[in-house]
Structures are given as C-alpha cells and as structure tokens.
Amino acid sequence: MYKLAVQLYTVREEMSKDVVATLEQVAALGYEGVEFAGFFDVPQEEMKAHLERLNLCVVGSHTSLEALENQFEEVIAYNRAIGNKYLVCPWSELKDLEGLAILASQIEKLIPKIKAEGMELLYHNHDHELQVVEGSYLLDRLVEACHGELGLEVDTFWVYRAGVNPIEYLRQHQANISLVHIKDGTANGLNALGEGDAPVKDVLEAVDKLGLEWIIVENDDPSPSGIEDIKRSIGYLKAE
C-alpha cells in the first residue's frame, strides 16, 4: 500500500511565512512524506532536524535544471543531508522537436553526474508534454532521447487534462515511473481531491497495483488556503 506525501508547493504561502509551523501542520494532518519546492533559506541541518522530529520522509525535491547546472554541489549537499534521492525537473516549455533536442541535451549532461551521487533525475509533466508529435507523445520522446535514463514523476491530473487516460499511461510507462502526483479539478480549475471530475479513485487503484511507495498530493491553486486544501484531500483519501 502506498504512503501519502504532499508537494509543499501547495502550501507555499504558509511555507513562506513559517516553514517549521507548516511542516508541523502537514505532519499533524497525517502525511508521512513531503516533496519540496524550495527550502526558504532554512539551513540543511536545521531542516533535517525538523523532518526527523516530525517523522516526515523527503520523497523528492522540485529543482530547476539551472540550479543543477550552476549550483550542483550545493543542491546535492542539501538533498543528501535531508535524505532525498529524487531531484525533479518541475517544468519546461517543451512544445516541439526543436525544444526537445535542447532539453534532452541539458538533461543528458546532468543524469550521469546525479547518478554518481546516488540520486536520480525525474521529470514532472504538465499537459503540454502530452501532445502528439510525429506519432508519439513529446514526453515519451524526451525519455527516449535520454536513452531511458530519465525517470518520470507523472502528474496524473495533467495527463487527464491533456485528454490521455492516466490509468493507461501509468500502466504503459511503469518502468520509468518513480513518483506520482495526484490532484483533482474540472475545466474551471483545480480542486481538493474528490471535488473535481478527474479519475482519482482509479488513479489510486492503479498506483496501488503498480506497487509504488508514495503518492503525492498537489494542488497548484489551493482554496481557501494550502493547509485547508490538503486537509480536505487527506480526509478524502482516508475515507476511501
């Protein structure tokens, strides 16, 4: 059975005001893991101590390719200190084959360096990478261009919003998938889990069948606040 983590981008407003209090609230709600989207100037040993005190595992960290290229040693040191093995490229403007060649070149240079440090580089999708170009999804072409060495953090909502069946996508790409984001929403925007029309229950079943260790709750546009949003989401998950 998978464990529940939260992408802290969902509570970015709270994190920007008080990192420690926010982590305490996340733990109190019942989440066992966190995925970072910035460290808000908290020193690595201090962050490690708070995470250990709260029994929160670090399941990943959204990290820009620019940070990996320009601050590699610092990024590796911080993530090693807090026990993280997955560095996740959170977003790119990938929209055509020309852009794919440039992005793949960037990623290919980083993968062996990251692997040498005992970590892995993953790519987090949105909907635009699921457009079909010359018979294949751009996201699939990116993995192929990196010779299968690039892992995936599949955001199932954006797969769904792109008009692709997220359950089938998870099944067909399980060899490359390390992490999964789950969120909900409608054509009008994003919602807490169970409040939209995305196939959340089916995604949960698929993740369980694939034997993945974590599922990560995320909402890019939480309401009325990040903490209230993730509270409703975990309430939904625990009721399932």
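Mentor: Helix α10 is followed by Gly-211, whose phi is positive, near 75°. A helix here is a DSSP run of H or I with at least four residues, a strand a run of E with at least two, both numbered from the N terminus. This is a predicted model, where local features need pLDDT of at least 70, side-chain atom pairs count only at pLDDT 80 or more, and totals for chains, interfaces and linings use all residues. Residues are numbered from 1 along each chain as its sequence is written, and side-chain values use heavy atoms, with hydrogens and water left out.

Trainee: Which residues of α10 are buried?
Mentor: Val-200, Val-203, Leu-204, Ala-206 and Val-207; buried means under 20% relative accessible area, with a 1.4 Å probe and protein chains only.

Trainee: What puts them on the same side of α10?
Mentor: They cover an arc of only 165° around the axis, so they share one side. The arc is taken from the directions from the helix axis to the C-beta atoms.

Trainee: Why is the pair of Phe-39 and Tyr-78 called stacked?
Mentor: Rings of Phe, Tyr and Trp (its six-membered ring) pair if their centres lie within 6.5 Å; planes under 30 degrees apart count as stacked, over 60 as edge-to-face and the rest as tilted. By this rule there are five aromatic pairs. For Phe-39 and Tyr-78 the centres are 4.0 Å apart and the planes at 20°, so the pair is stacked.

Trainee: And why is the pair of Phe-36 and Phe-39 tilted?
Mentor: Their centres are 5.0 Å apart and their planes at 50°, so the pair is tilted.

Definitions and conventions:
Buried means under 20% relative accessible area, exposed over 50%, partly exposed in between (1.4 Å probe, protein chains only).
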